[in-house]
Amino acid sequence: MKIIWILQDPVRQDKLAPEKRMITNDQVDHYNKAAMEALDDSCLIWKSSRLVAQGYNVDSVDGLHAGPVALNYDMQILLNMHCNEHMNFDDGTCCGTRESITTVQLCTAILFAIW
């Protein structure tokens, strides 16, 4: 079983409720650093979500949780992490040599070149 630990996203101080204003990005950074040190080899630490939240934090409703745009990107990344392990990439063309040109392709290219 694979465990994924997501780092806490940065907060937006201007949107935090008064009872949560004591939470600062410096505290979040210390929390994330402690989590990374403690969980170093025991699970996969998902760091890119934090970067997504830093770039798309304008639509955060409460200043503490990611907004819809960041959540959408996070969901796509999470699904890619899960699905890519089950994909068969042997049938792809990214690393293979190209096929030779067929007679039909050659005739079509000549026809378009003349036309």
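Q: Before we count anything, what counts as a helix or a strand here?
A: Helices are DSSP runs of H or I with at least four residues, and strands are runs of E with at least two. The model is a predicted one.

Q: OK, how many helices and strands are in the chain?
A: Four helices and two strands.

Q: And in what order do the elements run from the N terminus?
A: The order is β-α-β-α-α-α.

Q: Is the chain a compact globule or more spread out?
A: More spread out. The radius of gyration is 24 Å, well over the 13 Å that the globule rule gives for 115 residues, so the chain is more spread out than a compact globule.

Q: What box do the C-alpha atoms fill?
A: Roughly 75 × 35 × 20 Å, taken along the principal axes.

Q: What share of the residues count as buried?
A: 19% of the 115 residues.

Q: And the contacts: what share join residues at least 24 apart?
A: 64%, among contacts between residues at least 6 apart in sequence.

Q: Switching to helix packing. At what angle do α2 and α3 pack?
A: About 155 degrees. Helix α2 covers residues 48–55 and helix α3 covers residues 68–83. Their axes are 9 Å apart.

Q: Roughly parallel or antiparallel, then?
A: Roughly antiparallel. Angles over 145 degrees count that way, and the α2 and α3 pair is at about 155 degrees.

Q: Left-handed or right-handed crossing?
A: The crossing of α2 and α3 is right-handed.

Q: Which residues meet there?
A: From α2, S48, S49, V52 and A53. From α3, A70, Y73, D74 and I77.

Q: How does that contact split by class?
A: Five nonpolar residues, two polar and one charged.

Q: Now the loop between α2 and α3. Where does D62 come in?
A: D62 is found in that loop.

Q: How accessible is D62?
A: Its relative accessibility is 27%, so D62 counts as partly exposed.

Q: What is D62 in contact with, beyond its neighbours in sequence?
A: Leaving aside residues within four places in sequence, D62 is in contact with K15, L16 and A17.

Q: And how far is D62 from Q13?
A: Their C-alpha atoms are separated by 9.4 Å. Along the chain, D62 and Q13 are 49 residues apart.

Q: Next, K20. Where is K20 found?
A: In the loop between β1 (4–6) and α1 (25–38).

Q: What is the relative accessible area of K20?
A: 32%, so K20 is partly exposed.

Q: How far apart are K20 and V58?
A: 18 Å in space, C-alpha to C-alpha, and 38 residues in sequence.

Q: Last one, M1. Where is its place, and is M1 buried or exposed?
A: M1 is in the segment before β1. M1 counts as exposed, at 98% relative accessibility.

Q: How about M1 and L64?
A: The C-alpha atoms of M1 and L64 are separated by 29 Å. The two residues are 63 apart along the chain.

Key: Residues numbered from 1 in each chain as written. Predicted model: local features only at pLDDT ≥ 70, side-chain atom pairs only at ≥ 80, totals over all residues. Heavy atoms only, no water. Axes fitted to C-alpha atoms, helices over the stretch in contact; angles between N-to-C directions. Parallel < 35°, antiparallel > 145°, perpendicular 65-115°, else oblique. Left-handed = near helix turned anticlockwise from the far one by under 90°. Contact = heavy atoms within 4.5 Å. Nonpolar A, V, L, I, M, F, W, Y, C, P; charged D, E, K, R; others polar. Rg over C-alpha atoms; globule rule 2.2 N^0.38 Å. Buried < 20%, exposed > 50% of the residue type's maximum accessible area, 1.4 Å probe, protein only.
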